Amino acid sequence: MKMPTLLGDCAHAATAAEARFRIDYPNSKTRASRVIALDNEAARMMPHLAADDWAGAHFLTYARTDSAPGIEALKMDATLEASDGTRSKLSRELDHADVVVMIASGGEAAEAAGVIGTACSVRAIMTAGLIVSADRTDPAVESAVRALRPHAAVLVVASDADYVPAMLRALRA
Amino acid sequence: MLRKEVNDLLTRTGHGTAMGEMFRQYWVPALLAEELPEDDCPPVRVKLFSERLLAFRDSRGRHGLIDEFCAHRGVSLWFGRNEEGGLRCPYHGWKYDVTGQCVEVPSEPEESGFCRKIKLKGYPLIKIGDVLWTHMGDPANRPPHPEWEFATVAPEQTFTSKRWQESNWLQAMEGGIDSSHVTWLHSGSLKTDPLFRGARGNRYNQGDLKPHFEVVEADGGLFIGARRNAEDGKYYWRITPWVMPSFTMVPPRGDHPVHGHFWVPIDDENCWAWSFDYHPVRPLTREERKAMQDGFGVHCKYTPGTYRPRANKDNDYLMDRAAQRRGETYSGVEGIAIQDASLQESMGPIVDRTKENLVSTDNGIIMARHRLRKAAEALRDTGETPPGVDPAHQKVRSAAVVLPPDQAFVEACKEDLKVRPGVKQSSV
């Protein structure tokens, strides 16, 4: 049987006046975002980004893989480096991470994307890939897209480096 | 999440606001041509970008869009008599032409030329396709006429409608570039709507509920690709173009007509959702046109005599929980257009984006906001013409294709995403 609705409930609820009564409280907890530069150009953005004020983001650069070829996915690991030179293990950074944003700038990103993407996949961590290049027709961009596609649920090609902080702010990083 | 000042910048479009000035750089849909069907027909009230205007068609078939109110005592010229080449205020007989120029002030000596000193604000109104377009910016920077494919194909190949949406333009437009909601909100309609059902691509939609997304900048805006698994390791791509500031196209399904939207601010708390359907190479069939007129696909049923949807917030969108339980609709609201409108209006007149929690798959929306903000600021600060004004940016199409896994859609579909006269849309 169709349940009656009070006609006009939506009209009342959707007014600007009613918007005043929306409950004002923090409706989300701090996210653990890991922002990882995959190549040298992307790495150069990290100190500037890291200097900003963020909710819970770590800004890191992929340094090297620590896995032998053919190793099982769960044991894959890598060394990451922060802007102050501190080194950490990818596996430690992924503990409790909510999202990993991989940033490339048209350099060689395939190995890093593969290791990080696989490590995230086995831990069911969301991944996003961001390729920043002023020239989207540059073949290196296409190569970076190809490298990141299997490992990123979302892939963005941006011409403007300002997009990186804009995106991270939008995601409450 | 968006800071309040950026939300304000993007959502306010009145005169003198950054986004309002940006919208005024473009030719935008103002009315359906059917609203002014013949010479000397009744004038029509129009509000755009928070400006109260009046559209009329004079005795010689010229269209005009002028300030709604008589310069004499502020009477609404909607009460005016449209006759003998102009619109005459019924209060004291002042008369205006389609440019807003006063051409008669009966109380003053004709020889005095007093009427030449009176001019209402006026904007051009031109008919292209089924739409009357206006440009509300500086005449010195008037761009070339719009060249959108839906408006320039033969009349028998295209159909356009509009509906009043009671929300800010941006939250409505963001729905148009948010491909991931289709899997949920519109899932019932993919099976039943005569303008959607039957396409092979629908199976891919229904078979892969976690699409991957790729967002690529284009000269005029963005291409947003949604990728789902197809057979043999290939990917089914649905590619949505967004052209700044507010044009979107829905990727096609089979040989169904292609549809899309314009989202045009009425004021900061209302907008027009323009919806079009066209086929690039053939006339719409009688059945297709009837389905559009009956409110299927991206169109809607109306409250008679208006462009307000029949299902609207005053009647709770005719919510049908029983149909929802039967699986006919996902949200309980019937029709794709009203499914969108009901949820977007429920956000409130201007959604408070400081409270939202976007996720990575919202990157199309994040990028669109970023580009809008940059373009509005560049126009304000340096006078830079925003993307989308150039008619070359308007010659885009949506596409739905199956590609091998190693191909980037933006390269593989370079031709599919362009208007190619005489060539069918790329669709699965």
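Residues are numbered from 1 along each chain as its sequence is written, while chains are lettered from A in the order in which they are written. Because the model is predicted, local features need pLDDT of at least 70 and side-chain atom pairs count only at pLDDT 80 or more, though totals for chains, interfaces and linings use all residues.

Let's start with chain B. It has 12 helices and 19 strands; helices (H or I, at least four residues) and strands (E, at least two) are DSSP runs, numbered from the N terminus. Its radius of gyration is 22 Å, close to the 22 Å from the globule rule for 428 residues, so chain B is as compact as a globular protein of that length. That radius is taken over C-alpha atoms, and the rule is 2.2 Å times the number of residues to the power 0.38. Of the 428 residues in chain B, 52% are buried, meaning that 20 or more other C-beta atoms, placed from the backbone, lie within 10 Å of a residue's own.

Now for the largest nonpolar core, which has 160 residues. Such a core is a set of buried Ala, Val, Leu, Ile, Met, Phe, Trp, Tyr and Cys residues joined through C-beta atoms within 7 Å. Among the residues touching the most other members are Leu38(A), Leu148(A) and Ala55(B). The largest share of this core, 7 residues, comes from helix α11 (residues 363-382) of chain B.

Look at Leu148(A), in helix α6 (residues 139-148) of chain A. Leu148(A) is buried, with 30 other C-beta atoms within 10 Å. Beyond four places in sequence, its contacts (C-beta atoms, placed from the backbone, within 7 Å) include Met102(A), Ala104(A) and Leu155(A). Leu148(A) and Ile103(A) are 45 residues apart in sequence, yet 9.5 Å apart in space, C-alpha to C-alpha.

Back in chain B, helix α7 (residues 200-207) has Gly201(B), Tyr204(B) and Asn205(B) as its buried residues. They cover an arc of only 100° around the axis, which puts them on the same side of α7(B); the arc is that of the directions from the helix axis to the C-beta atoms. An α-helix has 3.6 residues a turn, so residues three or four places apart point the same way.

Technical notes. Buried ≥ 20, exposed ≤ 12 C-beta atoms within 10 Å, placed from the backbone. Contact = placed C-beta atoms within 7 Å.
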